[in-house]
Amino acid sequence: MSKLVWVLLPLAAYALYVAVSAWRGRAPSRVALNVQTSLLLLVYLLATAGLGVFWVANQQLPVFDWHYLFGYGTLLLVSVHLLFNLPQVLRGLRRASPPATGNVRRARTTLARALAIVAALGLAFFLGVRHGASELAVRWDGGASTAGPVDAVVRYHAFSSESRRRQFERAPGVDWGAPPPAFKRYPAAPHRPLARDGGRERSLDEALRAPAERRVPLTLAELGELLYLSAGVTARRGGLALRAAPSSGALFPSELYLIVRRVEGLPAGLYHYDAERHRLAALGAPPQDLGTPGLEDADAVVVLTAVFRRTGYKYRDRAYRYAVADAGHLLENLRLAGHRAGMAVTFAGRFDEARSAAALGVDGVEEGVLAVAALHSATGAAPRPAAPPRGWFAAPPFPAGPAVGVTGMAHLATSLRWTPDGVGDGDIALPAPVPAAAGVADTLVKRRSQRRFLDRPVPLAALSSLLADVAQPPQLSDALRLYLVVNRVAGLGPGVYRYRPGHALQRVRDGDFAAAARSAALSQDVIGEAAVVLLLSAERGALLAEGARGYRHGYLEAGMLGQRWLLGAVARGLAACPVGGFYDDEAAALIGVDGRREWVLHFAALGWPAP
Ligand SMILES: Cc1cc2nc3c(=O)[nH]c(=O)nc-3n(C[C@H](O)[C@H](O)[C@H](O)COP(=O)(O)O)c2cc1C
């Protein structure tokens with residue numbers, strides 16, 4: 001039976017008693033009604049206060065709404081009580097004050113009416129304001145600019161901010177229906193029970209500081225222990241399954257999924273952790289695309305999702321804050337439990353939420369992906385890749401369909417879309433890079449700025465190898481983009497290209513741009529004669545995302561990339577020259593970007609050196 005029915009039951013029973021008595025011609029007297037409803041009022045008052053004192057003080061928050069519901073019953077009975085007793089109170093007041101004259105009485109009545117009208121208007125205004133405040137009307141375009149989503153989270157934060165005044169204005173978060181299920185189940189999936197293998201205990205201090213990595217994969221029992229220590233049910237109290245990680249209001253919105261590649265005793269696959277029964281539901285083969293590169297060599301990947309409604313049911317506008325903070329507590333458990341088992345634990349800072357959700361088979365709206373963690377033993381075949389650069393991701397577009405709720409909007413605003421799909425449609429795949437054999441000391445000493453070039457085209461293989469050298473993981477800024485003005489490359493038509501992750505080129509403009517490039521570079525021949533010109537740019541929003549320091553970091557990074565271009569050229573018998581002198585507006589137009597939003601930071605020429 002719903003809570004509401006239970007709360008109304010005593011009132012309904014009493015109403016029935018009065019109705020039946022009246023029907024039998026023995027209706028209770030006014031005095032009897034007054035006494036009986038006063039007693040009922042006392043019961044409701046005690047229930048409300050008791051629930052408030054014991055449940056709330058005990059932090060058993062999910063049953064908090066019993067307290068509210070009894071409170072509403074109390075209010076109802078207070079109204080009945082006033083109905084019976086107000087005339088008596090007024091009589092008492094009248095006796096205490098001197099009898100009013102006719103004029104004074106009229107003035108009082110007018111004043112009372114005026115006050116009633118003002119109060120009604122105030123109430124209407126308050127309700128009107130509240131009505132409009134239930135949603136946040138924020139939209140943005142997807143793409144490289146981060147301004148729209150940043151504005152959205154700033155507004156979400158203000159909207160979900162509490163203050164004493166707002167607490168008064170807000171209606172209490174009472175849900176009249178049943179809460180969403182506390183655990184997610186996959187009844188049709190085959191299940192794998194998990195053991196709890198204590199494993200080697202380490203001090204908290206050791207686990208905090210990532211001890212040396214183990215050289216063998218985790219066993220299934222160790223994985224069970226790791227999951228238990230991260231998110232398992234560690235106590236049952238007051239009808240609640242309390243977990244290793246705390247959760248706002250004990251609502252536990254987090255769910256864990258595992259992509260297992262190397263765990264002894266567990267076939268590779270996608271699994272869901274059923275915390276209630278400490279077992280894994282096998283959901284199928286490991287998904288190919290998790291929405292971010294570089295996780296292929298992890299022993300296991302843990303994806304954390306949140307079922308937002310579990311928290312939203314109670315906390316409404318603040319649900320996103322709580323669900324994400326809850327997730328953070330759980331992730332720290334995972335990190336410590338991973339370290340305890342000798343695993344390296346890394347978190348993917350950037351991933352495509354929609355793709356990750358699709359990989360798990362969740363909708364991404366009711367249940368959204370909040371974090372992706374990789375567990376590595378020192379057995380991994382390849383070195384761990386650096387985080388994918390910021391430039392590979394863009395803001396997701398705002399859905400055109402029905403309005404997204406406040407929580408959905410906050411999740412979408414903090415989400416990313418992975419733009420480069422390896423070699424995308426229409427991209428030109430570059431040939432495999434060939435490592436340069438030249439020694440580093442020799443190359444460093446030999447390098448000189450070359451300003452005259454032969455007419456000979458540069459082989460595509462050499463350009464491909466050079467680009468692979470340049471496109472190393474970023475050191476200080478990941479906001480940089482690489483463009484090429486191709487004048488003479490064997491096997492590649494002249495034009496402007498953008499270098500894409502996945503080692504490919506995207507054609508931006510077709511045609512001969514040697515003269516335009518020369519003109520943009522203050523008419524320097526070094527650019528006009530070059531077989532290829534490298535242009536490094538940065539999207540302003542991404543560059544300055546870390547504040548003004550990002551500006552310095554962008555130029556430092558551009559210098560480092562530029563130097564790799566020069567050294568890679570020398571190591572392959574080619575020659576190059578850095579060029580910082582150019583018209584910024586013409587440079588932006590050359591690569592087809594809006595110079596106010598994307599800044600060109602640097603040029604570099606490349607070609608066969610003329611004697
Ligand atoms: C950031 C930067 C910008 C440069 N801009 C130009 C330029 O616009 N035109 C040019 O001919 N050389 C340019 N150079 C090359 C320098 O003139 C050159 O490095 C310097 O004369 C030293 O010679 P070296 O590179 O052969 O050792 C630039 C170098 C750097 C590092």
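What percentage of the 611 residues of the protein count as buried? The share is 44%, with buried meaning under 20% relative accessible area, exposed over 50%, and partly exposed in between (1.4 Å probe, protein chains only). The model is predicted: local features need pLDDT of at least 70, side-chain atom pairs count only at pLDDT 80 or more, and totals for chains, interfaces and linings use all residues. Residues are numbered from 1 along each chain as its sequence is written, and side-chain values use heavy atoms, with hydrogens and water left out.

**The whole chain**

Display the protein as a cartoon. It has 19 helices and 22 strands; these are DSSP runs numbered from the N terminus, helices being H or I of at least four residues and strands E of at least two. The accessible surface comes to about 30,800 Å², and 61% of it belongs to carbon and sulfur atoms; such areas come from the Shrake-Rupley method with a 1.4 Å probe, and for residues only the protein chains shown count as cover.

**Annotated spans**

Select residues 6-25, 37-57, 69-90 and 111-129, which an unreviewed UniProt entry annotates as "transmembrane region". UniProt positions follow the numbering used here, feature names are shortened, and annotations may be inferred rather than shown by experiment. Residues 6-25 are 90% helix and 0% strand, with end C-alpha atoms 29 Å apart. Residues 69-90 are 100% helix and 0% strand, and their end C-alpha atoms lie 30 Å apart.

**Helix α2**

Move to Leu-39, found in helix α2 (residues 30-57). Is Leu-39 buried or exposed? Leu-39 counts as exposed because its relative accessibility is 52%.

**The loop at Arg-185**

Select Arg-185, in the loop between α6 (164-169) and β1 (191-193). Arg-185 is partly exposed, with a relative accessible area of 38%. Leaving aside residues up to four places away in sequence, Arg-185 touches Asp-274, Glu-276 and Arg-277, where contact means heavy atoms within 4.5 Å. Show Tyr-273 as well: Arg-185 and Tyr-273 are 88 residues apart in sequence, yet 9.3 Å apart in space, C-alpha to C-alpha.

**Helix α10**

Finish at helix α10 (residues 319-340), which has 22 residues. From first C-alpha to last it reaches 32 Å, close to the 32 Å expected at 1.5 Å a residue; the expected span is 1.5 Å times one less than the number of residues. Gly-342 follows α10, and its phi is positive, near 80 degrees.
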